[in-house]
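Please examine the model shown below with attention to its covalent cross-link and to one of its pockets.

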Amino acid sequence: ASDVYKRQPDGNLGTSLSSQPRDCSTHGTHTMGTSVGNANTSGTQIGMAPNAQWIAIPGICYGTMSGGIRDDIGGLKAFQWLLCPTDLTGNRQTANCAKAPDVVNNSWGSANPLNDVLRPAIQALRAMNIAPVFASGNPRAGAGSIGTPANAPEAITVGATDRDDLVASFSGRGPSFYEGEQKPELSAPGVNVKSSVSSNNYDVYSGTSMAAPHVTGLIALMISADLRDGVRDFTVDELEKFMTSTAVDLGELGPDND
């Protein structure tokens, strides 16, 4: 992860704050566990794709940028790194786009649906065949409560359901601010989800942040299956269509705001 406190006039991202992955809270560890965790504790299996490789950046996070989660420049730099990761020096000469992830899990956003400053970054991910998965947010509001950039057409947006397959009361709901755009595309378990919070420790959290990594892990499994012959064939558009066309249809018949 790059130190986004300093603006680098030469385009470099700055030296990493740490030589090892670190979490500014247990939130990121919990979501990562749901995506790719492989618990050591007997009888505890938390991850959708436990053998997947992962990278992380505490970009949209307090303590890693001067403006915290309100720092748009820091957010753009985070996406720049994900599109073409550098080594720990942050120097652009070390950037290696081959190390970019196949899917990026996002649990952040603005409640203002008009703020589209980060939408070009989401579009860039999609153009590079990287799936941008976003939690729909937890506004505890009604229709049209999904903020940005989860409301963007290019985002794969995930709402939260409970153990009875009912939409969670807190889950952000469509429609999107963008006319004609169906949101969320998918919903997944997001109430009382058990996952990792530290080494060999687990806790139960609720939120659309807990739902989104289920879809992230699912995409990792689909890409793994796609790569069995050594060739990546399916685009993000096709993977999204596979998921939406095979998901269990809950609530109203067909796509709806939940």
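What is the handedness of the link of C84 and C97? The angle about the S-S bond is -95°, and the link is left-handed. The structure is a predicted model, in which local features need pLDDT of at least 70 and side-chain atom pairs count only at pLDDT 80 or more, while totals for chains, interfaces and linings use all residues. Residues are numbered from 1 along each chain as its sequence is written, and side-chain values use heavy atoms, with hydrogens and water left out.

The sulfur atoms of C84 and C97 lie 1.9 Å apart, and a disulfide is defined as a pair of cysteine sulfur atoms within 2.5 Å. One disulfide is found in a search of the whole structure. C84 counts as buried because its relative accessibility is 18%, whereas C97, at 41%, is partly exposed (buried is under 20% relative accessible area, exposed over 50%, partly exposed in between, with a 1.4 Å probe and protein chains only).

The second largest pocket is lined by 30 residues. A pocket here is an open set of points on a 1 Å grid over the protein atoms alone, where a 1.4 Å probe fits, with protein on both sides within 12 Å along at least five of seven lines; lining residues have an atom within 4 Å of a point. Nearest the centre of this pocket lie L186, S187, A247, V248 and L250. By class, its lining comprises 14 nonpolar, 10 polar and six charged residues (Ala, Val, Leu, Ile, Met, Phe, Trp, Tyr, Cys and Pro count as nonpolar, Asp, Glu, Lys and Arg as charged, and the others, Gly among them, as polar).
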